[in-house]
Number of protein chains: 4
Amino acid sequence: MTSNRLEAFSDGVLAIIITIMVLELISPEQVTLESLIPIIPTFVSYLFSFIYIGIYWNNHHHLFQITQKINGRILWSNLHLLFWLSLIPFATTWIGENYKAHVPVALYGFILMMSAVAFFILQRSIIKGHEENFILRTAVGRDLKGKISITLYTFGVLISFLNTWAALTCYVIVAIIWFIPDSRIEKTLDGSKKENVNG
Amino acid sequence: MTSNRLEAFSDGVLAIIITIMVLELISPEQVTLESLIPIIPTFVSYLFSFIYIGIYWNNHHHLFQITQKINGRILWSNLHLLFWLSLIPFATTWIGENYKAHVPVALYGFILMMSAVAFFILQRSIIKGHEENFILRTAVGRDLKGKISITLYTFGVLISFLNTWAALTCYVIVAIIWFIPDSRIEKTLDGSKKENVNG
Amino acid sequence: MTSNRLEAFSDGVLAIIITIMVLELISPEQVTLESLIPIIPTFVSYLFSFIYIGIYWNNHHHLFQITQKINGRILWSNLHLLFWLSLIPFATTWIGENYKAHVPVALYGFILMMSAVAFFILQRSIIKGHEENFILRTAVGRDLKGKISITLYTFGVLISFLNTWAALTCYVIVAIIWFIPDSRIEKTLDGSKKENVNG
Amino acid sequence: MTSNRLEAFSDGVLAIIITIMVLELISPEQVTLESLIPIIPTFVSYLFSFIYIGIYWNNHHHLFQITQKINGRILWSNLHLLFWLSLIPFATTWIGENYKAHVPVALYGFILMMSAVAFFILQRSIIKGHEENFILRTAVGRDLKGKISITLYTFGVLISFLNTWAALTCYVIVAIIWFIPDSRIEKTLDGSKKENVNG
């Protein structure tokens with residue numbers, strides 16, 4: 001069982017998640033420039049969720065490039081990740097309308113945190129499903145970025161009940177950390193010349 | 001005619017079905033933790049429908065891995081399955097808002113039952129479209145899980161008019177039965193080394 | 001330029017068209033069996049539009065199996081077809097709510113007719129883009145089914161202003177004619193053994 | 001890293017963008033021919049946005065046919081393009097309802113302009129990611145069409161505050177310019193026989 005169809009299905013789900021959020025951008029009743037101001041928070045929350053989904057797509061892309069076979073555990077770990085990501089549009093709408101309120105900011109961070117945890121689980125499932133000398137083990141290494149992300153999200157969720165701006169700052173830092181695709185895997189791939197085989 | 005495009009189209013439809021259900025999760029007017037309580041039933045119904053669609057995607061994936069050629073009957077059996085699955089978002093919304101009412105619980109089970117029947121028909125169409133010594137015949141065997149599912153759904157639909165919790169229990173049992181992907185096919189595939197050829 | 005990506009994009013658009021129509025099935029306020037009765041017309045119109053899109057997907061699938069190369073004219077003929085098909089959800093909603101009214105029935109038929117014309121144009125574009133001895137020319141032949149469809153749709157649209165049931169009957173007859181995938185192409189393909197090459 | 005999955009994901013997003021716009025075509029309350037008149041502007045704006053997305057899909061298709069490898073910069077340049085294109089449905093709804101108002105016409109043009117800029121950046125990222133003797137450099141050349149488009153959009157946005165019809169004319173001219181797929185690339189491809197390799 002190769003990963004082609006798992007990737008195609010995930011691409012479909014991610015493409016829909018990233019796009020349906022735009023349906024929340026309701027065109028204003030008025031036709032003045034000022035009438036666009038009230039939708040700025042919704043727009044900014046859309047922009048950030050677009051970036052988060054983009055990061056997950058990039059990392060998913062990298063991860064499955066070095067995945068050679070699929071099993072039931074990997075299939076379900078992947079669906080688990082997609083489930084949490086599919087809740088992002090819901091949380092985006094809520095935070096877009098209430099970005100100064102504690103609970104929506106906490107919920108947004110909670111769903112991002114669970115997505116990060118789900119990605120971590122997926123990575124472990126893939127490593128477990130391959131042999132000892134699997135390239136991914138070297139490529140992922142200690143997965144420092146993944147662990148920092150989960151820590152920052154957890155901290156953001158907790159602090160959101162005290163100060164929403166501090167929480168939002170935590171979330172933005174994670175986005176910046178992940179903005180550059182996972183060069184560890186790219187480098188390891190180049191080293192092993194595996195790219196020519198099934199890149 | 002190979003199955004590539006049938007799989008791609010099915011992946012697209014399943015990806016949309018599994019994702020549009022999240023549009024039913026309407027963000028609350030209030031911003032308190034309590035304001036999330038009323039949407040818990042909708043969330044739980046979304047979670048279960050996500051799992052059911054995930055199960056169908058997994059089994060569909062397994063089924064078409066060992067399908068070597070496609071004909072008109074298989075194309076239409078597949079569209080028939082997608083039709084019933086496409087009704088799940090509708091039934092999910094209704095049951096999410098009325099999970100204690102007889103008719104929504106019965107309708108939800110009815111659509112799951114018809115989906116199971118459609119999957120059974122698709123399996124038969126594929127077996128019929130292949131030669132005698134077709135690997136799928138061995139892999140599917142008596143298809144005990146499929147038959148148990150249809151029986152449980154039918155029982156659930158009938159009992160839903162007496163007790164909705166009993167009906168919901170039946171549906172959950174089916175989910176548990178299918179949660180693990182069809183290892184029969186995976187095992188048969190490994191045995192015949194077909195995996196290397198068109199896995 | 002091969003047709004892979006054109007097929008993938010078309011699959012995506014068709015998958016979305018066939019699935020978003022289900023969003024029009026609004027769950028009833030009441031939870032009685034009787035409360036489902038008012039949505040029966042919407043359900044039936046969904047069922048038929050699902051079948052029409054299914055037919056187009058099947059025929060599109062068959063058509064591009066024997067298409068060897070793509071050019072600008074074919075790309076735009078394909079987008080033209082997708083444009084008319086994308087209007088089917090709109091017409092489906094309107095006819096579902098007003099299946100006894102002249103204009104919605106006429107509009108539904110008009111969009112089906114334009115889709116049939118667009119498919120005809122696409123077929124011609126593909127034939128034109130290939131050599132003289134192109135297999136499709138033999139396979140399509142006089143395209144009797146295509147011409148009958150356009151005639152029946154045109155007749156249906158005109159008669160819908162007198163009697164909507166007569167118009168609906170015309171549309172249903174076309175569905176029945178096309179229900180079986182285009183065996184002409186399948187037969188020609190088998191004859192030329194081309195199936196093994198790029199099936 | 002090859003471009004297969006990037007293309008598949010982009011196809012998914014573009015397919016959704018091009019299709020969800022049709023959800024804005026609300027079926028009229030009345031069932032007369034006259035009742036369709038108020039939705040004509042929405043329909044026309046849908047038609048034009050469909051054409052613009054179609055043009056981007058065509059050019060994207062051409063561009064990635066001659067892209068041999070992907071890196072992080074190209075991934076993000078592509079997501080940047082998809083982001084601006086994903087705002088087209090929002091702008092389409094607004095202009096469809098207010099095609100005579102200055103701000104909606106300007107916003108529509110602004111999003112088209114940013115999409116054109118994003119496509120330009122994507123092209124540069126791809127050229128930068130390849131060797132000196134990269135075929136795309138020859139194929140794209142001075143990219144006159146791209147530069148004219150950005151100029152026309154910018155002019156359209158500015159003039160929209162004076163006269164909306166003049167602005168709309170600018171936008172339509174760009175559509176006409178790009179309507180024919182990028183034959184430069186097609187010609188260069190034919191010349192280098194590269195089509196046989198990864199077309």
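In this predicted model, 40 residues of chain B are in contact with 30 residues of chain A, where contact means heavy atoms within 4.5 Å. Between the two chains about 3,000 Å² is buried, and carbon and sulfur atoms give 74% of that; buried area is the accessible area, with a 1.4 Å probe, that two parts lose on being put together, summed over both.

The rule finds 2 salt bridges across this interface, a salt bridge being a side-chain nitrogen of Lys or Arg within 4 Å of a carboxyl oxygen of Asp or Glu. One of them joins the side chains of A:Arg5 and B:Asp11, at 2.9 Å from N to O.

On the side of chain B that touches chain A, the elements giving two or more residues are helix H1 (4-20) and helix H2 (40-65) of chain B, and H2(B) supplies the largest share, 14 residues. Helices here are DSSP runs of H or I, at least four residues long, and strands are runs of E of at least two.

Turning to chain A, an unreviewed UniProt entry places "transmembrane region" at several stretches, including residues 78-95 and 101-122, although such annotations may be inferred rather than shown by experiment. Residues 78-95 of chain A are 94% helix and 0% strand, with end C-alpha atoms 26 Å apart, while residues 101-122 of chain A are 95% helix and 0% strand, with 32 Å between the end C-alpha atoms.

As for conventions, residues are numbered from 1 along each chain as its sequence is written, and chains are lettered from A and ligands numbered from 1 in the order in which they are written. Local features need pLDDT of at least 70 and side-chain atom pairs count only at pLDDT 80 or more, whereas totals for chains, interfaces and linings use all residues, and side-chain values use heavy atoms, with hydrogens and water left out.
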